[in-house]
Number of protein chains: 10
Amino acid sequence: MLFMVEMQVNIPLGFDAEEGARLKLAEKMRFQELQAAGTWRHIWRVVGQYANVSVFDVESTSQLHDILMGLPLYPFMTIKVTPLCRHPSSMHEDDR
Amino acid sequence: MLFMVEMQVNIPLGFDAEEGARLKLAEKMRFQELQAAGTWRHIWRVVGQYANVSVFDVESTSQLHDILMGLPLYPFMTIKVTPLCRHPSSMHEDDR
Amino acid sequence: MLFMVEMQVNIPLGFDAEEGARLKLAEKMRFQELQAAGTWRHIWRVVGQYANVSVFDVESTSQLHDILMGLPLYPFMTIKVTPLCRHPSSMHEDDR
Amino acid sequence: MLFMVEMQVNIPLGFDAEEGARLKLAEKMRFQELQAAGTWRHIWRVVGQYANVSVFDVESTSQLHDILMGLPLYPFMTIKVTPLCRHPSSMHEDDR
Amino acid sequence: MLFMVEMQVNIPLGFDAEEGARLKLAEKMRFQELQAAGTWRHIWRVVGQYANVSVFDVESTSQLHDILMGLPLYPFMTIKVTPLCRHPSSMHEDDR
Amino acid sequence: MLFMVEMQVNIPLGFDAEEGARLKLAEKMRFQELQAAGTWRHIWRVVGQYANVSVFDVESTSQLHDILMGLPLYPFMTIKVTPLCRHPSSMHEDDR
Amino acid sequence: MLFMVEMQVNIPLGFDAEEGARLKLAEKMRFQELQAAGTWRHIWRVVGQYANVSVFDVESTSQLHDILMGLPLYPFMTIKVTPLCRHPSSMHEDDR
Amino acid sequence: MLFMVEMQVNIPLGFDAEEGARLKLAEKMRFQELQAAGTWRHIWRVVGQYANVSVFDVESTSQLHDILMGLPLYPFMTIKVTPLCRHPSSMHEDDR
Amino acid sequence: MLFMVEMQVNIPLGFDAEEGARLKLAEKMRFQELQAAGTWRHIWRVVGQYANVSVFDVESTSQLHDILMGLPLYPFMTIKVTPLCRHPSSMHEDDR
Amino acid sequence: MLFMVEMQVNIPLGFDAEEGARLKLAEKMRFQELQAAGTWRHIWRVVGQYANVSVFDVESTSQLHDILMGLPLYPFMTIKVTPLCRHPSSMHEDDR
């Protein structure tokens, strides 16, 4: 089941640089784990923003909630969730 | 080059049903042509809306403009365009 | 899986009264069918508005989309969908 | 008498962790007390947010005000209150 | 129980003048009936707008909903409802 | 001459509690002085908010400005002012 | 007593040209009558808009309301009213 | 050439009082210099706000920019600039 | 003197096609006249919209107002005007 | 390929003045380097704001993203990106 998730990241000026680097690395590792599992199906950078547009493929709204709340950078994110579904015109069997 | 395009369709109440059906069919055929060409890379329905979220892969902003303005349902659409780029964390070579 | 759906209904001034009554009756019957099935779990009127706040319990985002698009009054509705999940503090086993 | 209450919680970065945990526990206990009393009739998590959608069943607007202002996490909340009433189409006698 | 109700009236250009006058008279009579009953406690014009700010004193949200939906000019109104309660600092016993 | 004034109070987390209590008391005393004088004609709490809706009866816009700027809690307030006038349908001679 | 009034005029496409011209002339004459009386103290065009920014000097909010509601183009206007007062730094005795 | 400039001033809680007084005095002196020169043609207080509505008469957009950026309170201001021009209906030769 | 002008064009569905074509041609000719004169210095299409971003170089706000109000497609436009000035860092003598 | 980029700069009160000056100088140097390369084609100040409107001419959305994220003042900027394309009516061959 598909959801578009738009994440805007805002790390405050003067935040500890080392801790920031640690969190970004943890975020990247968690992302790749979820991408490998097929859960975090797509991610794109938004040009000019510290932000991304992503598509998640999850079993339930609870699973999505738990994943998002557990992201290392979650405390710095503003998140917008939009439920999606397959488009009837699509010719791709696996266009998720 | 990637752009997210969000399309909201609003066909007015009382619009000629036959003409509406003709336009939707033309829209579907144009979509599939562009999907087959790899230009309209992704499309998803937004739940509860006559709307979609799409990702286009184009050569230039002019190409994108011409494609959007030429869509059969364009006169009924409200469109929002967001420039995207590949995300550095992505492990998929072709995640466009 | 739970979704809050907020529906605002706007039937234009001068719309045929008989057709309007027919659509409202069809809407009510469809609602009661979905309520009996446990899909349309909650509905409340918003005070002073021709609007409701509802909670749906569905298998998938596609099912929710099909239900909403098929409502007899759908062409007159503005709809907002918010994905929900069970709250960890709730003591009610079936608080859906 | 029913009111939808939407609560967004925002605990600032760097807030004392122990005090935060104490407040969350107090909030949970107060919630369960009010849920047991039938006053806080429904609560759902909003996916991806530290937020909930709730339905309160109260005797008066004053009672609702006193309850909300007294919540342990109130100083961290942004709150939106929407008055509701029973929907005439509902078949559930106790759909509050 | 008190609610602030803000009503904006928008009668479309070209609406039948006689019917408009009839509805405004009916609205005025209904208002005075509710004012005499103590239900529609206050009403003020908003300067420069065909709009008013009102305070209702009702038994329940359902009563308020039925009153508002039944106003002769309701189909032309945009309505905003805000639940109020007595202010603890007020020295007026009946400041409703 | 009547004005609706909507006041939202926001005292920052961690503000000195004693100073806060002192300011609230001074605010209450100033309010009661103005209420006794008939200048601050109405005040209601907004449910779930540290906010009020008030109606002032003043001689001039300057008088209103001076009163508002001089409120002890003014530095913590967000204020919205709406000019009102008597409603022609009102049956109350003194509905100010 | 001073009020800033911002007026946006929107005469629909296809409105009868002769009637439009008649209303604009009546508006201009009413404006000049009020300008001569010192009531409509200032008026400026907003560049690129069929809109003006004005300053009124009136005895009461009721007077302002009656003036605005009586403007020949009122039915086509969107109006925003902002109460003003003399600025303490101004060196002009009559800066109204 | 005329521009409406709306200035909202927000000096943070706890800002050094002496420095604040010094800046306000400098602002007042700069204002009066510009008023005497005919550049800052009008200024009014917005009721209930630490804000003003002003009209500037300048030679160019650059001159206006330099004036605004050089105001002693500029770092605390939110500014909105609207280009104006003389209204054709005005009977005042010098209504600037 | 420079102004950014953003123009959104909205010709209603069902507008007479021949008249529409005539207006667009007149608009194009007027544009080219102003471009040749150096007044309409820049124009760009906004991707996916029937809209443009333009930069005008004019003698006065009145001249800009007259030009915009006289555009053949003006009755169909929503216009936003932003005053600009030369940037101090620019190395181009004629970057207008 | 053209993009309009609107940049609003907000350096917090009390930010170290020397560091601020160093960043502004670095920003200016980076700007001039990009202007000389033809990448940052246009820049204008927005009157009354610490903000600019710019037009970039880039090879790809990725190039634009990297440029913007690398600006010395980027951490203090709010950025809005709008994709543009050449306007068919323009007579200038190089109106980029």
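In chain G, the side chains of G:Arg30 and G:Glu33 form a salt bridge with an N to O distance of 3.3 Å. The model is a predicted one, and over all chains the salt-bridge rule gives a count of 30.

- G:Arg30 is partly exposed, as its relative accessibility is 27%.
- G:Glu33 is also classed as partly exposed, at 49% relative accessibility.
- In chain H, H:Arg30 and H:Glu33 make a salt bridge whose closest N and O atoms are 3.3 Å apart.
- The chain H pair sits in helix α1 (residues 17-36) of chain H, three residues apart, and therefore about one helical turn apart.
- H:Arg30 is partly exposed at 27% relative accessibility, and H:Glu33 is partly exposed with a relative accessible area of 49%.

- F:Glu6 and F:Lys80 are joined by a side-chain salt bridge of 3.8 Å, N to O.
- F:Glu6 is buried, because its relative accessible area of 17% is under the 20% cut-off.
- F:Lys80, at 48% relative accessibility, is partly exposed.

**Fold of chain A**

- Chain A contains two helices and four strands.
- Read from the N terminus, the order of elements in chain A is β-α-β-β-α-β.
- The C-alpha trace of chain A spans about 50 × 25 × 20 Å along its principal axes.
- Of the 96 residues in chain A, 55% are buried.
- Among the contacts in chain A with a separation of 6 or more, 66% are between residues 24 or more positions apart.

**Strand β3 of chain J**

- Strand β3 (residues 51-57) of chain J has seven of its seven residues buried, so the strand is largely enclosed by the rest of the structure.
- J:Ala51, J:Val53, J:Val55 and J:Asp57 point one way from β3(J), while J:Asn52, J:Ser54 and J:Phe56 point the other way.
- Strand β1 (residues 2-9) of chain J runs antiparallel to β3(J), and seven bridges join the two.
- Strand β2 (residues 40-46) of chain J is also antiparallel to β3(J), with five bridges between them.
- J:Asn52 of β3(J) is the bridge partner of J:Met7, and J:Asn52 is also the bridge partner of J:Arg45.
- The hairpin of β2(J) and β3(J) has four residues between the strands, and in this hairpin J:Gly48 takes a positive phi near 85 degrees.

**The loop residue J:Leu71**

- J:Leu71 lies in the loop between α2 (61-69) and β4 (77-86) of chain J.
- J:Leu71 is buried, because its relative accessible area is 3% and the cut-off is under 20%.
- Leaving out residues up to four places away in sequence, J:Leu71 touches J:Met7, J:Glu27, J:Arg30, J:Trp40 and J:Met77.
- J:Lys24 is 47 residues from J:Leu71 in sequence, and their C-alpha atoms are 10 Å apart.

**Contact between chains E and D**

- Chain E gives 12 residues to the contact and chain D gives 12 residues.
- About 800 Å² is buried between chain E and chain D, and carbon and sulfur atoms account for 79% of this area.
- E:Met1, E:Thr61 and E:Cys85 together supply 56% of the area that chain E buries against chain D, more than any other three residues.
- On the side of chain E that touches chain D, the elements giving two or more residues are β1 (2-9), α2 (61-69) and β4 (77-86) of chain E.
- The largest share of that side, four residues, belongs to β4(E).
- By class, the side of chain E that touches chain D consists of seven nonpolar, four polar and one charged residues.

Note on methods: Residues are numbered from 1 along each chain as its sequence is written. Chains are lettered from A and ligands numbered from 1 in the order in which they are written. This is a predicted model: local features need pLDDT of at least 70, side-chain atom pairs count only at pLDDT 80 or more; totals for chains, interfaces and linings use all residues. Side-chain values use heavy atoms; hydrogens and water are left out. Contact means heavy atoms within 4.5 Å. Buried area is the accessible area (1.4 Å probe) that two parts lose on being put together, summed over both. Ala, Val, Leu, Ile, Met, Phe, Trp, Tyr, Cys and Pro count as nonpolar, Asp, Glu, Lys and Arg as charged, and the others, Gly among them, as polar. Buried means under 20% relative accessible area, exposed over 50%, partly exposed in between (1.4 Å probe, protein chains only). Two strands pair if DSSP finds at least two bridges between them. A salt bridge is a side-chain nitrogen of Lys or Arg within 4 Å of a carboxyl oxygen of Asp or Glu.
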